[in-house]
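This report concerns aromatic pairs, helix packing and selected backbone features of one protein model. The sequence and structure are shown below.

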Amino acid sequence: MRMLVTGGAGFIGSHFVRSQLGGAYPELADASVVVLDKFTYAGNEANLAPVGDDPRLTVVPGDICDGPLVAGLMARTDLVVHFAAESHVDRSIANAAEFVRTNVLGTQTLLQAAHHAGVGRFVHISTDEVYGTIDRGAWTEDEPLLPNSPYAASKASSDLLALAYHRTHALPVCVTRCSNNYGPYQFPEKAIPRFITRLMSGQTIPLYGDGLHIRDWLHVDDHCRGIALVAQGGKPGEVYNIGGGTELTNRDLVDRLLELFGADRSRIETVPDRQGHDRRYCVDITKISEQFGYAPAIPFEEGIARTVRWYSDHRDWWQPLLDRAEAAA
Ligand code: NAD
């Protein structure tokens, strides 16, 4: 089986590829992997270094909006796992153009090529942010999409296109919508690695507004395991929520990190709230649990301690990224 993984040099995509080639998904064990990645600021060759010598891996630098390139790759593909996206909400607030281009047009380019090539399965990786914000309870997969940020709106658009290609062309599409991920190799602009790397550098950590926004944190390994289950046995045309990690206010999250670092709240710097900041996300994972026996396996306390250790051991990975970002600013 040949698998095309878009965005496979980013945080979650590279975890999926490293795990797949490491034998974590027996159901996909015979697959070779082609990574298509544009290597934007978020894509990093170092993320694939641990499997760089694996003969089953081919890395193709390129853009998912490049129709001829995508068509050529798709012609020999059985399974597409589509991670590639512009993924940082704050960047989408500053300028959404690249989000619309990659997330909407890029996804449509992939879907069209997959339809032409007749690929066996297309897993579109989406986010719980497409549902908007929820004060109480949890979203099931049939909830209407009410995205608030330009990032979430671009992801919702791509979800709808993916499902439309199933309904119109019978392309065997599955969509996954996951809650906030954390773990190793996450670009240090995102909350958890940002907080960790700033604490390690003796800096303050910025907390938006009143700090009471609630997120459901899931270890990236649990997310990728859910994706592998959907890739193997998901029903075409279906959406699967993935989550069920640990719900925390941002203030609680920061407190836990401060505790791990033996630091106190004087290290917190309150900053003005993000525009249009969603208050709470929460997905209902009954569907994936009942169909596949899925449940998160990594308790937050263990996962966050491991993540802090990883960033502590891999300053050579994250410091150059921060230096480059600072030089570009
Ligand atoms: P990331 O920003 O770390 O990685 C994105 C990858 O896509 C990078 O390697 C980048 O180079 C690549 N890319 C960007 N534009 C491209 C283009 N035009 N062509 C080819 N490659 C391109 O993102 P991530 O956190 O790994 O997220 C992966 C997917 O999971 C995204 O679709 C995101 O919406 C979704 N998601 C993320 C989270 C989270 O908490 N990080 C939660 C739920 C869903």
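## Aromatic pairs and charges over rings

The model is predicted. The count of aromatic pairs comes to 13. One of them joins Phe16 and Phe83, whose ring centres are 5.6 Å apart and whose planes stand at 50°, so the pair is tilted. An angle of this kind falls between the limits of 30 degrees for stacked and 60 degrees for edge-to-face rings. Phe16 belongs to helix H1 (residues 11–21), while Phe83 is found in the loop between strand E4 (79–82) and helix H3 (89–94); the pair therefore ties together parts that are 67 residues apart in sequence. Phe16 and Phe83 are both buried.

A tilted pair is also formed by Tyr185 and Trp310, with 4.6 Å from centre to centre and 45° between the planes. This pair links distant parts of the chain, 125 residues apart: Tyr185 is in the loop between strand E7 (180–182) and helix H6 (191–200), and Trp310 is in helix H10 (residues 300–313). Tyr185 and Trp310 are each buried. Together with Tyr311 and Trp317, Tyr185 and Trp310 make up one aromatic cluster.

Charged side chains also meet aromatic rings. Arg91 is placed over the face of Tyr41, at 3.5 Å from the ring centre. Over the ring of Tyr240 sits the charged end of Lys287, 4.9 Å from the centre of that ring.

## The covering of helix H1

Helix H1, which holds Phe16, is mostly covered, with ten of its eleven residues buried. These buried residues are Phe11, Gly13, Ser14, His15, Phe16, Val17, Arg18, Ser19, Gln20 and Leu21. What covers them includes strand E1 (2–6), E2, E3, E4, E7 and helix H7 (220–233). After H1 comes Gly23, with a positive phi near 90°.

## Helix H4 and its two partners

Which residues make the contact between H2 and H4? On the side of H2 they are Gly67, Val70, Ala71 and Met74, and on the side of H4 they are Thr109, Leu110, Ala113, Ala114 and Ala117. In the contact between H4 and H5, H4 contributes Phe99, Asn103, Val104, Thr107, Gln108, Leu111, Gln112 and His115. The residues contributed by H5 are Tyr151, Ser154, Lys155, Ser157, Ser158, Leu161, Ala162, Tyr165 and His169. As background, an α-helix has 3.6 residues a turn, so residues three or four places apart point the same way.

## Loop residues

Val130 lies in the loop between strand E5 (121–127) and helix H5 (150–169). Is Val130 buried or exposed? With a relative accessibility of 0%, Val130 counts as buried. Beyond its neighbours within four places in sequence, Val130 is in contact with Leu145, Leu146, Pro147, Ala152, Lys155, Ala156, Asp159 and Arg177. Val130 and Thr168 are 38 residues apart in sequence, and their C-alpha atoms are 22 Å apart in space.

Positive phi values also occur in residues other than glycine. Phe39, with phi near 50°, is such a residue. Phe39 lies in the loop between strand E2 (32–37) and strand E3 (57–61), and is partly exposed, at a relative accessible area of 25%. Ala170 is not a glycine either, and has a positive phi of about 60°. Ala170 is located in the loop between H5 and strand E6 (173–178); at 57% relative accessibility, Ala170 counts as exposed.

Terms used. Residues numbered from 1 in each chain as written. Predicted model: local features only at pLDDT ≥ 70, side-chain atom pairs only at ≥ 80, totals over all residues. Heavy atoms only, no water. Phe/Tyr/Trp six-rings, centres within 6.5 Å; stacked < 30°, edge-to-face > 60°. Helix = DSSP H or I, 4+ residues; strand = E, 2+ residues; numbered from the N terminus. Buried < 20%, exposed > 50% of the residue type's maximum accessible area, 1.4 Å probe, protein only. Lys NZ or Arg CZ within 6 Å of the ring centre and 35° of its normal. Contact = heavy atoms within 4.5 Å.
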